[in-house]
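Please keep the sequence and the 3D view open as you read.

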Amino acid sequence: MILSVTVDDSSDSENSDYPKISTVLEKYLREIYPDSEKYESAEVSLSFVSSDEIRKLNRDYRDVDEATDVLSFPMIDDVPDGMPVLMLGDIVVCPEMTEQLHPELSRREAVCLMIAHSFLHLLGYDHEDEEHQKAMWAKQDEIARKILEVL
């Protein structure tokens, strides 16, 4: 099984090397979601957008009329049986907002953290209570560090 990460960057981000993260995400996909092995391939869409664009998405899909750092649109539960491709969903990152909302991190570190965070949401992780949040934060930090290593 090969994970394909399709990147769309309309945010004027200088980070054109983000497709390298597919190998990292594929490793964690296999670890977190072992059923992924029954598919020929898996796909994630990764988009980098402006603060105006993410605000519109947040308003349209979550009824929250403000910009945010990342949005996740999971599709894993909607994949029909027998499909050869596991469609995980969409990750939408706003580099400008990651920088504003995570000033303790460099832009690159914050973006990698948000990719990891959103990827976990695609795989069903949540942070609705303290126990789930602790588990998710630990895993997202681990994934973000691995992504940074390949960039």
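This is a predicted model: local features need pLDDT of at least 70, side-chain atom pairs count only at pLDDT 80 or more; totals for chains, interfaces and linings use all residues.

Is Asp 60 buried or exposed? Asp 60 is exposed, because its relative accessible area of 51% lies over the 50% cut-off for that class.

**Nonpolar cores**

- The largest nonpolar core is made up of 33 residues, and those with the most contacts inside it are Leu 25, Leu 88, Ile 115, Phe 119 and Ile 143.
- At least two residues of this core come from each of the following elements: strand 1 (2-9), helix 1 (21-32), strand 2 (41-48), strand 4 (85-93), helix 4 (107-122) and helix 5 (130-150).
- Helix 4 supplies the largest share of this core, namely 9 residues.
- Apart from this core lies another one, of 6 residues, and among them are Val 49, Ile 54, Leu 71 and Val 92.
- If residues up to four places away in sequence are not counted, the residues that Leu 88 touches include Leu 3, Leu 29, Val 44, Phe 73, Ile 76, Phe 119 and Leu 122, and Glu 43 is also one of the residues it touches.

**Salt bridges**

- Side chains of opposite charge can pair when their charged atoms come close.
- Asp 60, the exposed residue from the opening question, meets the side chain of Arg 59 in a salt bridge, with 3.3 Å from N to O, while Arg 59 counts as partly exposed at 36% relative accessibility.
- Glu 37 forms a salt bridge with Arg 30, in which the closest N and O atoms are 2.4 Å apart; Glu 37 is partly exposed, with a relative accessible area of 42%, and Arg 30 is partly exposed as well, with a value of 31%.
- Glu 31 forms a salt bridge with Lys 27, and here the closest N and O atoms are 3.7 Å apart.
- Both Glu 31 and Lys 27 belong to helix 1, where they lie 4 residues apart, or about one turn of the helix.
- Glu 31 is partly exposed, with a relative accessible area of 40%, and Lys 27 is also partly exposed, with a relative accessible area of 43%.
- Glu 31 and Lys 27 are part of a network of salt bridges that also links Lys 139 and Glu 142.

**Around Glu 53**

- Glu 53 has its place in helix 2, which covers residues 51-62, and counts as partly exposed at 30% relative accessibility.
- The side chain of Glu 53 reaches the backbone nitrogen of Ser 50 at 3.1 Å.
- Although Glu 53 and Ala 67 are 14 residues apart in sequence, their C-alpha atoms are 8.2 Å apart in space.

**The largest pocket**

- The largest pocket holds about 360 Å³ of space.
- The pocket is lined by 16 residues, of which Asp 69, Val 70, His 117, His 121 and His 127 are the closest to its centre.
- Helix 2, strand 3 (70-74), helix 4 and helix 5 each supply at least two residues of this lining.

Note on methods. Residues are numbered from 1 along each chain as its sequence is written. Side-chain values use heavy atoms; hydrogens and water are left out. A nonpolar core is a set of buried Ala, Val, Leu, Ile, Met, Phe, Trp, Tyr and Cys residues joined through side-chain atoms within 4.5 Å. Buried means under 20% relative accessible area, exposed over 50%, partly exposed in between (1.4 Å probe, protein chains only). Contact means heavy atoms within 4.5 Å. A salt bridge is a side-chain nitrogen of Lys or Arg within 4 Å of a carboxyl oxygen of Asp or Glu. A polar contact is a pair of N or O atoms within 3.5 Å; within protein, one must be able to donate a hydrogen and the other to accept it, and residues adjacent in sequence count only if both atoms are side-chain atoms. On a 1 Å grid over the protein atoms alone, a cavity is a set of points where a 1.4 Å probe fits but cannot get out, and a pocket is an open set with protein on both sides within 12 Å along at least five of seven lines; lining residues have an atom within 4 Å of a point. Grid points are joined across faces, edges and corners, and a volume is the space filled by probe spheres set on the points.
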